[in-house]
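Colleague: Please take a close look at the salt bridges here and go through them one at a time. I am new to this one.

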Amino acid sequence: MNVADLLRSLRHEAQSRAYVDRLVVFDQSASLLKARLYIGADLFIQIYRNDRFDTTNLVLMHNEQRVYARDQLGGVWHRHTTADPQAHDTSTAGRQPVGLAEFLDEVEEVLAAFGLP
């Protein structure tokens with residue numbers, strides 16, 4: 001996943017997922033992307049990608065708190081589970097790479113479990 005591919009995926013997913021209210025791109029260059037998919041005023045998915053450092057952050061935020069996340073640092077993935085969103089899950093499942101669509105599928109499961117829109 002690079003910035004160009006991620007931006008294309010963001011635009012597609014923002015249009016195809018009914019619960020996404022809007023896409024806002026805060027910063028974009030050839031190697032960097034910062035964006036949010038808003039679900040509600042205090043509920044959004046924050047997306048960050050830096051191609052130079054092979055870093056990706058996909059985070060579900062609710063009321064200014066991380067609820068769930070998948071991060072790639074230097075090419076190595078880990079997960080922040082809903083049970084302990086501050087801890088790094090480096091289990092086999094936690095280290096699995098995910099694309100944006102896969103992450104959003106996981107987010108849908110989290111939203112349903114928490115009774116969020």
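Modeller: The side chains of Arg8 and Asp5 form a salt bridge, with 2.3 Å from N to O. The term salt bridge stands for a side-chain nitrogen of Lys or Arg within 4 Å of a carboxyl oxygen of Asp or Glu. Both residues belong to helix α1 (residues 3–16), where a spacing of 3 residues puts about one helical turn between them. Helices (H or I, at least four residues) and strands (E, at least two) are DSSP runs, numbered from the N terminus. Asp5 is partly exposed, at a relative accessible area of 35%. Buried means under 20% relative accessible area, exposed over 50%, and partly exposed in between (1.4 Å probe, protein chains only).

This is a predicted model, in which local features need pLDDT of at least 70 and side-chain atom pairs count only at pLDDT 80 or more, while totals for chains, interfaces and linings use all residues. Residues are numbered from 1 along each chain as its sequence is written, and side-chain values use heavy atoms, with hydrogens and water left out.

The structure has 9 salt bridges. Another of them pairs Asp21 with Arg22 at 3.0 Å, N to O. Asp21 is exposed, with a relative accessible area of 52%, and Arg22 is partly exposed, with 40%.

Arg79 and Asp89 also meet through their side chains, at 2.6 Å from N to O. Arg79 sits in strand β6 (residues 76–80) and Asp89 in the loop between β6 and α2 (100–114), so this pair ties together parts 10 residues apart in sequence. Both Arg79 and Asp89 are buried.
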